[in-house]
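Here are my notes for someone opening this structure for the first time. Have it on screen as you read, and take the points in order.

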Amino acid sequence: VQLQAFGGGLVQAGGSLRLSCAASFSRYIMGWFRQAPGKEREFVAAISWSGGSTYYADSVKGRFTISRDNAKNTVYLQMNSLKPEDTAVYYCAARTSSGSYPNINEYDYWGQGTQVTVSS
């Protein structure tokens, strides 16, 4: 089981980035988390394996969109209207069980992070 996240970078406030997470499998619930310096890793968004259900942290609702392409085993996080407080290392994760999607402890597999830096 492998996950690889990419697409991070440096962007000005108000700008956009799209993160991608390539998986070696499909039919998993997928999530994005982030960790800023000195802070705990936090939930950002999650999507059901069919793509029919999505969940977002309040801090990103209306700005971020999670989607997936199961034919490519890839999950995306479109990030618009970025703010300096969105600066963090972003991680993708996969889980086999249903339950509380924001619960970090219920994710079974993690990819390496990709850095997102938003300048003011």
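1. A word on terms before anything else: helices (H or I, at least four residues) and strands (E, at least two) are DSSP runs, numbered from the N terminus. By that scheme, Thr-74 belongs to strand β8. Keep in mind that this is a predicted model, where local features need pLDDT of at least 70 and side-chain atom pairs count only at pLDDT 80 or more, while totals for chains, interfaces and linings use all residues. Residues are numbered from 1 along each chain as its sequence is written, and side-chain values use heavy atoms, with hydrogens and water left out.

2. Let's stay with Thr-74 for a moment. Contact here means heavy atoms within 4.5 Å. Setting aside neighbours within four places in sequence, Thr-74 has contacts with Ser-20, Cys-21, Ala-22, Ser-67, Arg-68 and Asp-69.

3. Now the overall picture. The protein has 11 strands and 0 helices. Its radius of gyration is 13 Å, close to the 14 Å that the globule rule gives for 120 residues, so the protein is as compact as a globular protein of that length. That radius is taken over C-alpha atoms, and the rule is 2.2 Å times the number of residues to the power 0.38. The C-alpha trace spans about 40 × 25 × 25 Å along its principal axes.

4. Some totals to go with that. Buried residues account for 42% of the 120 residues. Of the contacts between residues at least 6 apart in sequence, 54% join residues at least 24 apart.

5. Strand β4 (residues 29-35) deserves a look. Because 6 of its 7 residues are buried, β4 is largely enclosed by the rest of the structure. Which strands does β4 pair with? One is β9 (residues 88-95), in the antiparallel sense over 7 bridges, and another is β5 (residues 42-47), antiparallel over 5 bridges. Pairing requires that DSSP finds at least two bridges between the strands. To find these pairings on screen, look for Gly-31 opposite Ala-93 in β9, and for Phe-33 with its bridge partner Phe-43 in β5.

6. Next, the charged pairs. A salt bridge is a side-chain nitrogen of Lys or Arg within 4 Å of a carboxyl oxygen of Asp or Glu, and the count comes to 5. One of them joins Arg-34 and Asp-86 at 2.9 Å, N to O. This pair links distant parts of the chain: Arg-34 is in β4 and Asp-86 in the loop between β8 (74-79) and β9, 52 residues apart. Arg-34 counts as buried at 5% relative accessibility, as does Asp-86 at 0%.

7. Asp-86 also meets Arg-63 in a salt bridge, 2.7 Å from N to O. Arg-63 lies in the loop between β6 (54-56) and β7 (64-69), so this pair ties together parts that are 23 residues apart in sequence. Both Asp-86 and Arg-63 are buried. Step back and you'll see a salt-bridge network linking Arg-34, Glu-42, Arg-63 and Asp-86.

8. Arg-34 has other neighbours. Leaving out residues up to four places away in sequence, those it touches include Glu-40, Val-44, Phe-64 and Tyr-90.

9. Last, Glu-106 and Arg-95 form a salt bridge, with the closest N and O atoms 2.3 Å apart. Glu-106 lies in the loop between β9 and β10 (109-110) and Arg-95 in β9, so the pair ties together parts that are 11 residues apart in sequence. Glu-106 is partly exposed at 25% relative accessibility, whereas Arg-95 is buried at 0%.

Definitions and conventions:
Buried means under 20% relative accessible area, exposed over 50%, partly exposed in between (1.4 Å probe, protein chains only).
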